[in-house]
Amino acid sequence: MNMKPKQLARISWASVFLIPALLLGQVREVRITSSIDGSEQPAIFFAPNKNDVPVPLLVTLHSWSADYRQKLHKAMEDHCVKNGWAYVHPNFRGPNRNPKATGSDLAVQDVLDAVAYAKKQANVDEKRILLIGTSGGGYMSLLMAGRAPHLWAGVSAWVPISDLVAWHAECKAKGRKYAREIELSCGGAPKASEKVDEEYRKRSPLTYLPKAKGIVKLDINAGIRDGHSGSVPVSHSLHAFNAVAEKKDHISKTLIDELVQTAKVPDSHVFSGKDLSYGKKQPLFRRASSKARVTLFNGGHELVASAAIAWLIKCSK
C-alpha cells in the first residue's frame with residue numbers, strides 16, 4: 001500500500017503519543033542515569049496503569065553472578081503486576097566480580113537512583129518502599145538496609161552474605177570461584193594491604209547494619225543446609241541478625257557454630273510454631289528482636305517465594 005507523505009507524517013506523529021500510553025501497565029526495560037558517573041544503567045521496570053492512588057514500590061536485587069535480566073524473583077514481579085504495585089529490578093553494575101559492583105558506592109547509588117526513577121514514573125507511596133534480594137541480592141539487601149535505613153518499609157534478605165572477609169575464607173577453603181571474584185572486586189585478598197582491607201570493610205553489610213537497628217523491618221532467611229549443599233553458611237544470616245537485635249536476643253557463638261557445623265537445630269531451640277507461607281520448607285529455627293527476624297528453614301541455598309511475598313505484603317500495609 002502506497003501512502004502519501006502527509007499520511008506518513010500523521011502516522012509518525014500519532015505513534016509518538018501512542019508509545020507512552022502503550023507502555024503503561026507493561027513490564028519493560030529502561031535506562032536510569034547514574035547520579036554519580038552519569039552512565040546509563042539498565043533496569044526492569046513496571047508502573048501500574050492507574051496513577052491516582054499511591055502504591056507500594058518493590059525493589060528486587062539480582063544474585064551474585066547475575067544481572068537485571070535474571071528471573072529469580074519473577075514471582076515478585078508477577079505479584080506487583082497483579083496487585084498494582086510499582087516494581088524495579090536494577091542492574092547495580094551487574095555480576096559481582098569487578099570493583100564497580102560488589103557493594104561499591106556506585107552500586108549502592110544505582111539502587112537509590114532506581115528508587116528515585118520509580119518515584120518519578122509512578123505514584124509511589126514513600127512509606128511503602130520495599131526491598132528483596134537472594135544470595136548476592138540478599139547480600140546487597142543487607143547492605144542497603146544499613147546504608148539507607150530510613151528509606152525502606154521492609155527489607156527481605158534470603159541466604160545472604162554479611163561479611164566478605166569471612167565468605168572469602170569459606171570459599172577459598174572449598175575452592176569456590178567466589179573467592180577470586182571477591183578479590184577482583186576488593187583489589188586483592190584480605191590483609192594484602194590496608195587499602196584492600198578497607199574495601200572489604202566498606203563493602204560488607206556488617207559494617208553498616210547497626211545503623212538499621214530499630215529502624216528497618218528486616219527479615220533474614222536461610223536454609224539450614226546452606227553452606228553444606230549451598231555456598232553461604234547460615235552464620236552470615238545469624239550474625240546479621242545479631243547486628244540489629246537487642247543484646248538480650250543475640251544468638252550465641254556456641255549455637256551459631258553448632259548450627260553451621262551440624263545443619264541441625266538442637267531440640268531446645270527448635271521453632272515450635274508453623275508458618276504456612278513456607279509450605280514444605282517449614283521454619284526450624286526462628287528468633288525475633290525489635291524490628292528484625294531471622295529464620296532457618298528446611299532447605300538449602302534458595303528463596304521461598306511464597307514466604308517472601310507474604311512478609312512483604314504485611315510490610316506494605
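At roughly what angle do the axes of helix α2 and helix α10 cross?

1. Basis. This is a predicted model, in which local features need pLDDT of at least 70, side-chain atom pairs count only at pLDDT 80 or more, and totals for chains, interfaces and linings use all residues. Residues are numbered from 1 along each chain as its sequence is written, and side-chain values use heavy atoms, with hydrogens and water left out.

2. Crossing of α2 and α10. The axes of α2 (residues 74–83) and α10 (residues 305–315) cross at roughly 40° and come within 10 Å. The crossing of α2 past α10 is right-handed, that is, the near helix is turned clockwise from the far one by less than a right angle.

3. Residues of the contact. From α2, A75, M76 and H79 take part, and from α10, A305, A308, I309 and I313; contact means heavy atoms within 4.5 Å. Six of the contact residues are nonpolar, one is polar and none is charged.

4. Helix α9. In α9 (residues 253–262), L255, I256 and L259 are buried (under 20% relative accessible area, 1.4 Å probe, protein chains only). These buried residues line one face of α9, because they fall within an arc of 100° seen down its axis. On the other side of α9, K253, T254 and Q261 are exposed (over 50%).

5. Just after α9, A263 has a positive phi of about 55°.

Methods:
Axes are lines fitted to C-alpha atoms, for helices over the stretch in contact, and angles run from 0 to 180 degrees between N-to-C directions. Helices (H or I, at least four residues) and strands (E, at least two) are DSSP runs, numbered from the N terminus. Ala, Val, Leu, Ile, Met, Phe, Trp, Tyr, Cys and Pro count as nonpolar, Asp, Glu, Lys and Arg as charged, and the others, Gly among them, as polar. The arc is that of the directions from the helix axis to the C-beta atoms.
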